[in-house]
Amino acid sequence: MRGPHNIIRLVRTGATLERTGAMKVILDAYDAPPLLRAVARTLGRPFMWLGYRGDPAMPPATRALTALGPAYIKFGQILSTRPDLVGNDLAEQLRVLQDKLPPFPTALARAEVEKELGQPVAELFDEFGDAIAAASIAQVHQARVKASGELVAVKVLRPGIERAFRRDIDAFYFAARMVELFAPGARRLRPMDVITHFDGVVRGELDLRLESAAASEFAANTNGDDGFQLPPIKWNLSARRVMTLGWADGVALGDNAALDAAGHDRAELGERVLRLFLMHALRDGYFHSDMHQGNLKVARNGDIIAYDFGIMGHIDEYTRRVYAEILFGFIRRDYRRVAEVHFEAGYVPADRDVDEFARALRAVGEPIFGMDASHISMGRLLAYLFEVTERFGMETRTELILLQRTMVVVEGVARSLNPHINIWEVARPVVEDYIKQSIGPRALAKDLARTALVMARFGPRLPGLVQGALIAQAHPTPPSQ
């Protein structure tokens, strides 16, 4: 029955997009070809009466996705991190998507906890309150551990959410195939890649053990960072559909009045949140990629507390070095070096002209450096940089797009705390320190030691490997007929 179900679901989706005015916004964002527009309108316009009305106070795309339910809300959130796929305007609209839904009954949450943890809630917790936050995939309850009296947050997946997501993702794949079938010209939009990316992210979020592991790894990486803390994971009270962590007690980072009343230095907090993000991205290659005010608090002692680890970003060590050199080159306004780094990394095809590329980079950097300090944006710089590199043949790198999107969010948080913050002055020492640690003589010695360790580990096998390679080269296998 998958075929009929998918068709019915897509008709209702199209009807909702038409009714809310989102259909035109989405088709324009994708610059969709005429045939695809015709198919989409055929699916939606005649059945507008079947579409959900949504909240008229919301922008069209946000209104439609919120009305269509959890899978669509999450889809919109994830697409907001991919302006390379949906365009900057639509990504900006989706970025404000409210991930808030009515909570499911506390009795169901307690039943899920008992099922997952194998014990009655009364034996695990002295208190287990109603939901304090409800999102598209899960909701959070405040509870008190019976054994220790500690206050904790218990995150519980919505009942049946896996089946609901599986059904909608199946419909998304069906829609992507229809797009490719009826509009071959739209294949450049990579509809199947978009859905595959979404599917992978959601599969990770539907297993809270993976989010717990992400939080644990992030905590291990950042354990020594001054002024930063994470609520500890309670592994004995966590499972696939339940995640328990220490209660994050503090003032919301977005509440400036409360921060002032508590005596916190907002200018220093703005600089610290930016420094911390850059340290995590460059030093560790593992960063919180949803660092908006709703996921950050300030503890009584002034520490920044981060939580909600459903979406984390990862950058390998080589890419971090390249990224740091690019940033450092822009900070020094050495556009020739920035261009050379792109060529050395293979980001730009070798047949392009390095001097022409350097001039294009200058056109990116100089207008930004000419701005008032309060308007300089590293996120905007990266966005312009990706536009230029795309013109010179650089393929989209998903991890850098996520980094750029998170950079924009973190800059927004920093500016909400201190509108006059100088992004470059804050970033410079972090980038310079990473350059010294990863590209200087100490880094070379470290790389050589690591290479020697690998050689020692595989040393006994090296003669055989070399001999096998030489024999294979001397006696090549004839091509199969």
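Two strands pair if DSSP finds at least two bridges between them. Helices (H or I, at least four residues) and strands (E, at least two) are DSSP runs, numbered from the N terminus. The model is predicted: local features need pLDDT of at least 70, side-chain atom pairs count only at pLDDT 80 or more, and totals for chains, interfaces and linings use all residues. Residues are numbered from 1 along each chain as its sequence is written, and side-chain values use heavy atoms, without hydrogens and water.

**View A. Hairpin of strand 2 and strand 3.** Strand 2 (residues 138-145) pairs with strand 3 (residues 151-157) in the antiparallel sense over seven bridges. Five residues lie between the two strands of this hairpin. In the turn, Gly149 has a positive phi of about 80 degrees. Gln139 has Val156 as its bridge partner in strand 3.

**View B. Hairpin of strand 1 and strand 2.** Strand 1 (residues 125-134) is antiparallel to strand 2, with six bridges. Three residues separate the strands of the hairpin. Ala134 has Gln139 as its bridge partner in strand 2.

**View C. Aromatic pair Phe277 and Phe287.** Rings of Phe, Tyr and Trp (its six-membered ring) pair if their centres lie within 6.5 Å; planes under 30 degrees apart count as stacked, over 60 as edge-to-face and the rest as tilted. The structure holds eight aromatic pairs. Here the ring centres of Phe277 and Phe287 are 5.6 Å apart and the planes stand at 90 degrees, so the pair is edge-to-face. Phe277 belongs to helix 14 (residues 266-284) and Phe287 to strand 7 (residues 286-288), ten residues apart.

**View D. Ring cluster.** Ring pairs join Phe218, Phe228 and Phe309 into a cluster.
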